[in-house]
Amino acid sequence: MSNLHERIAAYQEHIPHPHAVAEGKLIRGIGLTLEAVGCQLPVGSQCLVQTIDGEIAAEVVGFAENITYLMPTEAVKGIVPGSRVKPLNRQQGLAVGMELLGRVIDGNGNPLDGLGAIKTSQRVPLTRPPMNPLLRKQIDRPLDVGVRSVNSMITVGQGQRMGLFAGSGVGKSVLMGMMTRGTEADVVVVGLVGERGREVKEFIHDILGEEERKKSVVIAAPADTSPLMRLKGCETAVTVAEYFRDQGMNVLLLIDSLTRYAMAQREIALAVGEPPATKGYPPSVFARLPALVERAGNGGPGQGSITAFYTVLVEGDDLQDPIADAARAILDGHIVLSRRLADSGHYPAIDIEASISRVMPMVVSDEHLQAARRVRQVYSNYQQNRDLISIGAYAKGTDPRIDLAIAAEPVINEFLQQGMKQVTPYDDSLQSLANLTARLGKG
């Protein structure tokens with residue numbers, strides 16, 4: 001008998017033990033979420049929901065006692081009470097590799113460009129443990145983005161996280177395209193999340209250009225996709241950027257927009273019953289924002305860097321919007337685009353008074369810093385007295401500083417403006433700044 005048990009045990013060692021998970025069934029479907037019973041799946045796992053037309057993919061986003069909350073990744077149609085919920089034994093993680101360069105993918109890593117399957121041999125998880133901040137390399141050198149006003153007045157450091165704050169239609173996407181064409185980064189990763197579908201094709205073909213596409217990866221999750229896909233779009237973009245950083249490359253990460261990421265998380269959180277906190281945003285939104293942003297930045301020894309720009313849509317041009325306020329606190333600086341400047345034909349419509357780079361003093365020389373401050377002072381003097389000057393209430397000669405500001409205003413505006421297709425290298429930007437400050441004098 002003992003021999004029989006030993007033989008059975010020996011056979012069992014060679015028999016695979018798959019992790020069997022029971023199928024469940026739908027009991028409720030309201031709004032964006034589906035409720036199922038009978039399937040004990042961890043949060044974040046994938047499953048298939050049977051419909052009268054076939055099957056749709058869904059992801060577990062929460063649970064309550066014996067009820068599992070599912071969020072479909074595609075349009076919900078054809079579901080009926082009692083529909084089967086089948087766990088999906090799919091290989092976890094995102095396929096990454098150099099084969100991604102020049103491609104356009106969705107939030108799940110599937111190709112959207114019609115160029116065939118992306119064959120890569122490596123997979124990485126969408127989320128990873130936070131990096132030890134003491135292992136990160138310091139930000140000690142500037143990054144050339146090809147935009148004169150940014151290079152000279154709001155200098156960006158390699159590995160910095162910046163925000164582009166603006167209302168709708170002020171030129172965020174155009175400025176992102178200018179930086180894509182003018183950057184010295186090895187790889188550009190663009191996340192177009194929650195924006196109009198028309199803008200995706202325009203950005204790729206008109207703004208990026210053929211040469212820039214060869215070193216770029218575009219992740220697209222337009223506004224008509226599910227909130228789960230929009231959420232994954234941002235996370236996939238960061239994961240792809242992390243992969244190239246781990247290969248020792250310097251990456252420029254552009255995400256348009258961080259606000260749509262927050263809105264997608266709000267939709268999911270409210271759908272599963274999380275209470276709203278600040279202006280309708282649940283607490284989980286403000287927990288996920290820093291978790292996403294902190295993944296960018298410089299890597300450790302032997303790794304490259306991720307310099308990230310996140311666009312933030314300020315509703316009604318209100319910079320005190322909860323998402324804008326939270327983003328300012330966790331980013332290393334912000335570039336504010338002014339609707340007043342855009343309406344007057346001033347492009348890029350960067351408000352240098354309201355914009356700041358927190359690492360600029362660490363990556364530029366003292367001469368550069370003093371020159372930028374001088375231009376900012378003269379520009380600010382004009383803006384503060386703009387109303388008096390425009391109505392003719394200011395008498396010339398009353399204040400020499402205002403007289404200088406009036407004389408220098410057209411010169412400074414010419415310096416700050418740049419054509420959409422024009423690229424101004426970093427050294428040329430500094431030379432233009434030096435020429436401008438020489439005309440302004442010491443003051």
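Tutor: Buried here means under 20% relative accessible area. Keep in mind that this is a predicted model.

Student: How many of the residues of H6 are buried?

Tutor: In H6, 19 of its 20 residues are buried, so by that cut-off the helix is mostly covered.

Student: And how far does H6 reach from its first C-alpha to its last?

Tutor: H6, residues 227–246, reaches 29 Å, close to the 28 Å expected at 1.5 Å a residue. Gly-248 follows H6 and has a positive phi, near 90 degrees.

Student: What about the span of H7?

Tutor: H7 covers residues 258–271, and its end C-alpha atoms are 20 Å apart, which agrees with the 20 Å that its 14 residues should span at 1.5 Å each. Just after H7, Gly-273 has a positive phi of about 100 degrees.

Student: At what angle do H6 and H7 pack?

Tutor: The angle is about 140 degrees, and the axes of H6 and H7 are 8 Å apart. H6 and H7 are therefore oblique to each other. Their crossing is left-handed.

Student: Which residues make the contact?

Tutor: From H6, they include Leu-228, Leu-231 and Cys-234; from H7, they include Tyr-261, Ala-264 and Ile-268. By class, the contact of H6 with H7 has 7 nonpolar, 1 polar and 3 charged residues.

Student: Switching to H12: what covers its buried residues?

Tutor: Among the elements covering them are helices H2, H10, H11, H13, H14 and H15. The buried residues of H12 include His-368, Arg-374 and Tyr-382.

Terms used: Residues numbered from 1 in each chain as written. Predicted model: local features only at pLDDT ≥ 70, side-chain atom pairs only at ≥ 80, totals over all residues. Heavy atoms only, no water. Helix = DSSP H or I, 4+ residues; strand = E, 2+ residues; numbered from the N terminus. Expected span 1.5 Å × (residues − 1). Buried < 20%, exposed > 50% of the residue type's maximum accessible area, 1.4 Å probe, protein only. Contact = heavy atoms within 4.5 Å. Axes fitted to C-alpha atoms, helices over the stretch in contact; angles between N-to-C directions. Parallel < 35°, antiparallel > 145°, perpendicular 65-115°, else oblique. Left-handed = near helix turned anticlockwise from the far one by under 90°. Nonpolar A, V, L, I, M, F, W, Y, C, P; charged D, E, K, R; others polar.
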